[in-house]
Amino acid sequence: MEKLINSSKFFHTIVKVMGKFFNIGAWICGVVAILVWFLPMSAFEGGEETLSFGPVTITRITDGVLAPEWVRLGVFEVVLLSGVGLLVGYLILRVLERILQPMSQGQPFSENVAVDIKKLAWISLIGGFVLEVAKMAGIALSFGRQDMM
């Protein structure tokens with residue numbers, strides 16, 4: 001039992017620290033996503049675009065330069081997707097922290113652990129669904145602005 005308490009205290013500390021980093025990262029991504037829309041268009045000039053088809057990646061420059069509006073939208077979607085991923089990670093780490101708390105006190109079979117494990121499963125399912133939908137939307141935006149003919 002002593003090994004369980006010591007290891008759960010160690011992991012509880014790591015999860016708390018990682019949770020703070022994920023929370024800060026999610027807030028930073030949110031602020032950057034908003035600030036992207038207030039930057040001048042000159043900040044997005046001269047971009048290039050990559051298209052991925054499985055293991056093949058094509059780097060493409062349209063007429064020498066991509067339209068700054070599309071570059072801005074691409075930066076926004078990457079930052080927003082990163083923020084959503086960090087937010088889901090933060091929620092998962094918060095639930096893990098609540099699971100490890102009673103374990104670090106020598107009560108691994110607390111009543112709240114089962115409820116928190118169920119919350120962890122739901123957050124993982126919903127977060128994974130949201131991230132996959134966001135990835136598909138990013139791919140649709142990326143290929144929608146291309147003339148593939």
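Helix axes are here taken as lines fitted to C-alpha atoms over the stretch in contact, and the angle between two of them runs from 0 to 180 degrees between their N-to-C directions. In this predicted model, the axes of helix α1, which covers residues 2-36, and helix α2, which covers residues 68-104, come within 7 Å of one another and cross at roughly 155 degrees. Because angles over 145 degrees count as roughly antiparallel, α1 is described as roughly antiparallel to α2. The crossing in which α1 passes α2 is left-handed, and the contact between these helices is made up, by class, of 21 nonpolar, 10 polar and four charged residues.

Aromatic side chains were examined next. The count of aromatic pairs comes to two. For Phe10 and Phe11, the ring centres lie 5.4 Å apart with the planes at 65 degrees, and the pair is therefore classed as edge-to-face, since plane angles over 60 degrees fall into that class. As to accessibility, Phe10 has a relative accessible area of 49% and is thus partly exposed, while Phe11, with a relative accessibility of 44%, is likewise assigned to the partly exposed class.

A further position considered is Val130, which is found in helix α3, a helix formed by residues 111-144. With a relative accessibility of 37%, Val130 counts as partly exposed, because this class lies between the limits of 20% for buried and 50% for exposed residues. The C-alpha atom of Val130 is separated by 9.2 Å from that of Gly85, although the two residues stand 45 residues apart along the chain.

Definitions and conventions. Residues are numbered from 1 along each chain as its sequence is written. This is a predicted model: local features need pLDDT of at least 70, side-chain atom pairs count only at pLDDT 80 or more; totals for chains, interfaces and linings use all residues. Side-chain values use heavy atoms; hydrogens and water are left out. Helices (H or I, at least four residues) and strands (E, at least two) are DSSP runs, numbered from the N terminus. Buried means under 20% relative accessible area, exposed over 50%, partly exposed in between (1.4 Å probe, protein chains only). Angles under 35 degrees count as roughly parallel, over 145 as roughly antiparallel, 65 to 115 as roughly perpendicular and the rest as oblique. A crossing is left-handed if the near helix is turned anticlockwise from the far one by less than a right angle, and right-handed if clockwise. Ala, Val, Leu, Ile, Met, Phe, Trp, Tyr, Cys and Pro count as nonpolar, Asp, Glu, Lys and Arg as charged, and the others, Gly among them, as polar. Rings of Phe, Tyr and Trp (its six-membered ring) pair if their centres lie within 6.5 Å; planes under 30 degrees apart count as stacked, over 60 as edge-to-face and the rest as tilted.
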